Amino acid sequence: MYDVLTGKKIYILTLGCKVNQYESDAMYEAFFAAGALRGSENDADICIINTCSVTNIADRKSRQMISRLRKENPDAVIVATGCYVQAVANRALFDRGAGTKKSSGLADRTASRNEGDTSSSSRIPQDGSGTRKPAGDYGKDVIDADLIVGNNRKREMVRLVAEHLLGTPIEDNLIDIAKDPEFEDLRIAMPEHHTRAYLKIQDGCNMFCAYCIIPYVRGRIRNKSLDAIMEETATLAASGVKELVLTGINISSFGDIGDLSLADVICRIHAIPGIERIRLGSLEPRVVTEEFLQRISKLPKVCPHFHLSLQSGCDSILKRMNRHYTVADIDTIVSRLRRYYDRPALTADIIVGFPGESEDEFLTTCRTVERIGLYEAHVFPFSRRKGTVADRMDGQLTEAEKKDRVRRLMEVVSRLKKEYEASFDDEEKKVLIEEIIDTLEGPAYRGHTERYLLVDILPEMIGESLPDPARINTVITLPPDRK
């Protein structure tokens with residue numbers, strides 16, 4: 001079956017989070033194993049858009065990217081997958097009152113064709129008038145693709161695309177993800193950039209925050225098995241990866257099911273030779289316990305860089321968001337982190353302009369950010385998301401108000417970042433080199449420290465005349481008197 005893919009060029013456009021990036025990398029490797037080649041958006045035979053649905057803006061961008069690739073590469077098979085696809089499929093499923101994939105009407109709409117005929121005319125579904133029919137035509141929700149593939153089906157992407165090209169009817173491209181308990185065990189053996197790799201250890205979310213649709217498009221929590229985690233980590237280490245980033249939709253929930261905690265997994269990964277740095281994905285405040293830090297602080301490979309999923313620094317907003325902690329809890333975990341680590345880099349996600357957010361509530365968040373001393377923050381304006389509780393709340397702020405609050409909070413964060421980085425000016429820095437770049441002062445090494453400080457190193461700073469490509473994926477120690 002997969003012979004139909006031999007020599008075909010594949011291009012994957014990834015939108016959204018690190019989990020999507022991981023899954024796209026895994027899909028690339030699966031296609032390469034089937035004989036496909038890497039292509040570009042302009043020359044690929046098959047273009048896959050791995051979509052995002054975290055906000056209405058993400059939905060719109062997903063639609064735009066699908067349309068753009070259709071326009072720029074009209075002869076390509078266009079495949080849409082990911083969270084936006086799942087969200088649209090969910091709406092269609094619920095509207096029909098259906099509970100099975102057959103009765104939901106969500107199958108690939110591939111017209112009959114001669115087996116093995118992969119010309120552009122046979123790859124695109126046609127209606128009776130010769131007009132191409134989108135695979136995802138659900139009334140007002142039209143996904144202009146030849147094939148749509150939902151979440152937890154990406155492991156089957158190679159087979160599904162091959163079947164589509166051969167004209168085989170497809171009925172398992174979408175599922176009711178809320179009822180699927182299986183972890184989709186995708187694997188990566190050799191990432192495109194050898195220095196750092198993502199490792200997806202978890203999927204799904206049970207939090208149901210007021211503003212978020214992710215539990216509906218990613219399903220309930222489920223974990224990668226420990227054996228699979230260890231095998232993939234060993235494979236990545238053997239391929240030369242030095243830094244591993246543990247990622248998932250909500251890795252803090254890893255210990256909520258099964259016998260292993262997140263700390264257990266980190267300890268096991270730490271023992272694998274070759275991996276020199278372990279960086280953690282976004283953490284919920286509830287997981288940063290005394291026991292958790294007692295264990296991981298003894299592991300030198302764990303980077304002193306913690307990204308906290310805070311969302312707000314105001315108790316009344318946190319309550320309306322359905323976040324199950326308080327600002328006092330945030331203060332406690334920040335203090336705890338600083339007891340176990342010297343100047344850990346603390347970063348966070350913050351939403352401003354949540355429905356009903358007053359000026360005083362916004363200023364409370366600003367004061368919290370200032371007090372806890374974040375190094376960086378991803379500050380987002382609240383985006384209404386259809387199907388969520390927050391979308392139906394009173395007190396929706398204007399886009400201008402939200403934009404202004406993003407600007408004001410980012411001014412605070414920018415100042416804190418400069419102060420944090422300045423605290424390391426007179427200290428030695430260990431930089432894992434990721435690439436060689438051109439700067440105004442000439443070519444330079446670029447990489448990150450354990451605390452994720454971005455550092456550019458001109459060769460003369462370390463007694464070299466020109467950067468040596470062999471230095472990529474090695475650690476350079478920058479003396480304290482060099483900036």
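Analyst: Two strands pair if DSSP finds at least two bridges between them, and strands (E, at least two residues) and helices (H or I, at least four) are DSSP runs numbered from the N terminus. This is a predicted model, in which local features need pLDDT of at least 70, side-chain atom pairs count only at pLDDT 80 or more, and totals for chains, interfaces and linings use all residues. Residues are numbered from 1 along each chain as its sequence is written, and side-chain values use heavy atoms, with hydrogens and water left out.

User: What is the order of the open sheet of four strands?

Analyst: The order is 17-16-15-18, with antiparallel pairing; strand 17 (454-457) and strand 18 (475-478) are the edge strands, each pairing on one side only. Within the sheet, strand 15 (residues 429-439) and strand 16 (residues 442-448) are joined by seven bridges, and Ile433 has Gly447 in strand 16 as its bridge partner.

User: Which residues of helix 8 are buried?

Analyst: Buried means under 20% relative accessible area, exposed over 50%, and partly exposed in between (1.4 Å probe, protein chains only). In helix 8, Leu262, Ala263, Asp264, Val265, Ile266, Ile269 and His270 are buried. Because seven of the nine residues of helix 8 (residues 262-270) are buried, this helix is largely enclosed by the rest of the structure.

User: How many disulfides does a search of the whole structure find?

Analyst: A disulfide is a covalent bond between the sulfur atoms of two cysteines, counted here when the sulfur atoms are within 2.5 Å. The search of the whole structure finds zero.
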